[in-house]
Amino acid sequence: MTAVAESRADVRPVAGPGGHAPRRRPFADWRSTRVVAPLVAVGVLFGLWELAGVFVNTSLISSPQQVAVDFVNQFSSGPAVPAMELSLRELYVGLAIGISAGIVIGLVIGRYRLLDAVMSPYINAANATPLNVLIPLLLVWVGIGTEARVLFIILISFFPVLLNTAGGLRNVSKGYVEVGKMLGLNEHQLMRKVILPASMPYIFAGVRVGVALGVIGMIVGEIEVSNVGLGYFINFYGNGFRTGQLLALIFLAALIGVVNVLVVRGVQARWFRWISAAR
Amino acid sequence: MTSDATVTTAGSEGKYAVSAPPAEHETILKIQSISKVFLTTKRTVHALDRVSLDVRRGEFISLVGVSGCGKTTLLRILDGLDESDSGTVYLDGVKLDGVSHDMSYVFQDINLLPWRNVVDNVALGLEVRGVPKSERRERAMEVLELVGLASVAKVPPYTLSGGMQQRVGVARALAVRPKVLLMDEPFGQLDNFTREALQVEIANLWEKLGTTIVFVTHDVDEAIFLSDRIGLFMPGPGRLTEVVDVGLPRPRTDYDVRAHQRAIELRSYITDHLRGGRDPGR
C-alpha cells in the first residue's frame, strides 16, 4: 500500500497554463548531446592516455603533455611550418586538379551511357585498387619530387569525385527532369538548370571523400617518396623513436584532414542549404 | 440547352445521345485516334486504343476512369512527355510534335526544385521562353498572387505544406500563359479539406482566366463539381467510351452540386458506367 502511495506522489501533474513543464531527461536536448558526449569521449581518451604514459616506455608512446609541448615546439622551432607549407601547396594543387577533373569527366560519363559502359571496367578497377601500388610507376615516370606526389594526390582524389558525380547524374529524380521537359527546357538548359543542381548532393559527397583521400595521399606520398613535407618528418621521427614529435605531427595531419573536410561541409551549408534541409 | 437534357455524347458510339452539342463550339485541341502500347518483357499493355476527342476552347473537361485505363498516358502524350504509337494531336490546327510551349502540365508529384525558391520555381518556364529577367519576376509574382501565395515567394519550397506546394505547381504551369492546362490528378495526394479548398480555387481560377483545362481524376465528385464535360475511360484496352455533358449551372458551390438532382443522376450514371468495366456491348 505504501508503495502505491509513494508512486502516486511521484506522478507529476500535467503542465497546464502557467504550470511547470515536465523536467527534461538528461541528453534529451540534441544540442547538449552533440556537444557534451564527444567532449566526454575525448576526455576519457586523454585520461587513459595520460595513465598509459605512466606505465609504458615513452619511446613507445608519449604522454599527452609531452605531445602538447612537442606540438608547440614544432611550430616555434621545429620543421612543421615549412613542411606544412610545402605539403599544403601540393595538396591544394592536387585537389584542385583531381576534383575538377573528377567533376568534369564525371559529368561527361554520367551523361553518355555508352561512354559509361565503355569506361566502367577501368573506373571500377581503379577505384577498387589501393592506388599506392602506382607510386613506383609514378616514380619511374616522373622521378622523386613534387610531380610524383601531386600526381598521386590527383589520382587518389579523382576517382571518388568522378564516381559520385556520374552516379549523381544518373540518379537525378525523373520527376525533376519531367518538370524541366514540360516547361520546354532543351537538352542544354535541362542539364544546367535541373540535372546539374539536382546532382549537387552526390557531387558534394564525392568531394568530401576526395578531400579526405587527398590528405591521406599527401602524407603517404611524402612518406614514400620524399625528403620534405609533413609525411617525411612523420617517417623521420618514427624511425628515431621520437614519439612525442611523431604524435604531434600525426595530430597536425589529422587536423589538416578535419579542417579541409569541414571547409567542404561549410561551403555546402552556406551555399547549398537545400541539400540538408530538403530531406 | 435545357437543364433537363440528360447525357449527351461527343462520340458516335454513345447510346445516350439526346441532343448534339451546339455547333458554335470551337475546337482548340483535336485529338485524333491516339493509340499507345507499352511493351514489357512480361506482357503487352494496350494503354490507349484509338482515342479521339475534340477539346473545346475555354472548356473544363475531365477524364475519369479506374487506374490503368490510360487517362494519364493520354495527358502525357498531349504534353509531349510520351509519344503515341499512332494518331495525331492538333493544337489550334497545328500538328503537335514533342513538348508544346502552348500547353503546360500540373503533376500529381509536384516536384518543385528545392534549390530554387518559390518564385524562381514559378519563373523557370519563362526563363526558357526568353522573357527578360525583370518581367519574369513580375509575371511569376502575378500568378503567385493569383493562387494566394505571394507572401511566400522567397521561401524554399520544401518548407510549404502539400496544399501550398500544389498551388505553386499550378502557378508554375500558369506562368507560361498556356492555351491549354493539363492537370494530372493534381489533388490526389492531399487531404480532403485541402482538396476541397483547392477545387474551389481552381474553379475560380478557370473562370477568371478562361484557360482551357483538361483534368484527369478518378474522383467522380471532383469531376462533376469542376467540369463542363466528362470523358469516361475504360481499361483493357484503354479507350474513351463516352463524353457526358455536366450541364450544372455556374458558379457552383459544393453544397449546390451535391444536392442537385442532375448531379446525383450523373454520379450514379458515371459510377455505373465505370464499374461496368468492360462495356457489355463489346
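Biologist: What is the mean pLDDT of chain A, and what share of its residues reach 70 or more?
Modeller: The mean pLDDT of chain A is 86, and 89% of its residues reach 70 or more. These values belong to a predicted model, and they express the predictor's confidence on a scale from 0 to 100.

Biologist: Which elements of chain A have the lowest and the highest mean pLDDT?
Modeller: Among the elements of chain A, the lowest mean, 42, belongs to helix 1 (residues 2-10), and the highest, 95, to helix 8 (residues 174-182). Along residues 1-19 of chain A, the pLDDT is below 50, and this stretch has 5 contacts beyond near neighbours in sequence.

Biologist: What are the corresponding values for chain B?
Modeller: Chain B averages a pLDDT of 87, with 90% of the residues scoring at least 70. Residues 1-19 of chain B have a pLDDT below 50, although the model gives this stretch 30 contacts beyond near neighbours in sequence. The pLDDT also stays under 50 over residues 278-282 of chain B, where the model has 2 contacts beyond four places in sequence. For the model, the scores are ipTM 0.84 and pTM 0.80.

Biologist: What share of chain B is called buried, and what makes a residue buried?
Modeller: Of the 282 residues in chain B, 41% are buried. They are called buried because each has 20 or more other C-beta atoms within 10 Å of its own.

Biologist: Why are strand 1 and strand 2 of chain B said to pair, and in which sense?
Modeller: Strand 1 (residues 27-39) and strand 2 (residues 44-56) of chain B share 9 bridges in the antiparallel sense. Pairing requires at least two bridges, so these strands of chain B, with their 9 bridges, are called paired. One of the facing pairs is Ile34(B) with Val51(B), the latter in strand 2 of chain B. A hairpin of 4 residues joins the two strands of chain B.

Biologist: Which strand of chain B also pairs with strand 1 over 5 bridges?
Modeller: That is strand 4 (residues 86-91) of chain B, in the antiparallel sense. Here Ser35(B) stands opposite Ser86(B) of strand 4.

Biologist: In what order do the 4 strands of this open sheet of chain B stand, and which are called edge strands?
Modeller: The order is 2-1-4-5 in chain B, with antiparallel pairing. Strand 2 and strand 5 (94-95) of chain B are the edge strands, and each pairs on one side only. In general, strands of a sheet pair through backbone hydrogen bonds, either parallel or antiparallel.

Biologist: What makes the pairing of strand 6 and strand 7 of chain B parallel or antiparallel, and over how many bridges does it run?
Modeller: Strand 6 and strand 7 (residues 180-184) of chain B pair in the parallel sense over 4 bridges. Two bridges are enough for strands to count as paired, so the 4 bridges here meet the requirement. Tyr105(B) stands opposite Leu182(B) in strand 7.

Biologist: What is the order of the open sheet of 6 strands in chain B, and what kind of pairing has it?
Modeller: The order is 6-7-8-3-9-10, and the pairing is mixed. Strand 6 (103-106) and strand 10 (239-245) of chain B are the edge strands, each pairing on one side only. On average, neighbouring strands of this sheet are turned by 20° against each other, direction ignored. Helix 8 (residues 261-275) of chain B packs on the sheet and touches strand 3 (60-64), strand 9 (229-234) and strand 10; its direction makes about 20° with that of strand 9 of chain B.

Biologist: How many residues of domain 1 of chain B are in contact with domain 2 of chain B?
Modeller: The domain assignment of chain B gives domain 1 (27-102 + 180-275) and domain 2 (116-177), and their C-alpha centres lie 25 Å apart. In the contact, 10 residues of domain 1 of chain B meet 10 residues of domain 2 of chain B. They are called in contact because their C-beta atoms lie within 7 Å. On the side of domain 1 that touches domain 2, helix 5 (residues 192-209) of chain B gives the most, with 4 residues. The residues of that side of domain 1 of chain B divide into 7 nonpolar, 3 polar and no charged.

Terms used: Residues numbered from 1 in each chain as written. Chains lettered and ligands numbered in written order. Predicted model: local features only at pLDDT ≥ 70, side-chain atom pairs only at ≥ 80, totals over all residues. Buried ≥ 20, exposed ≤ 12 C-beta atoms within 10 Å, placed from the backbone. Axes fitted to C-alpha atoms, helices over the stretch in contact; angles between N-to-C directions. Domains from an automatic or database assignment. Nonpolar A, V, L, I, M, F, W, Y, C, P; charged D, E, K, R; others polar.
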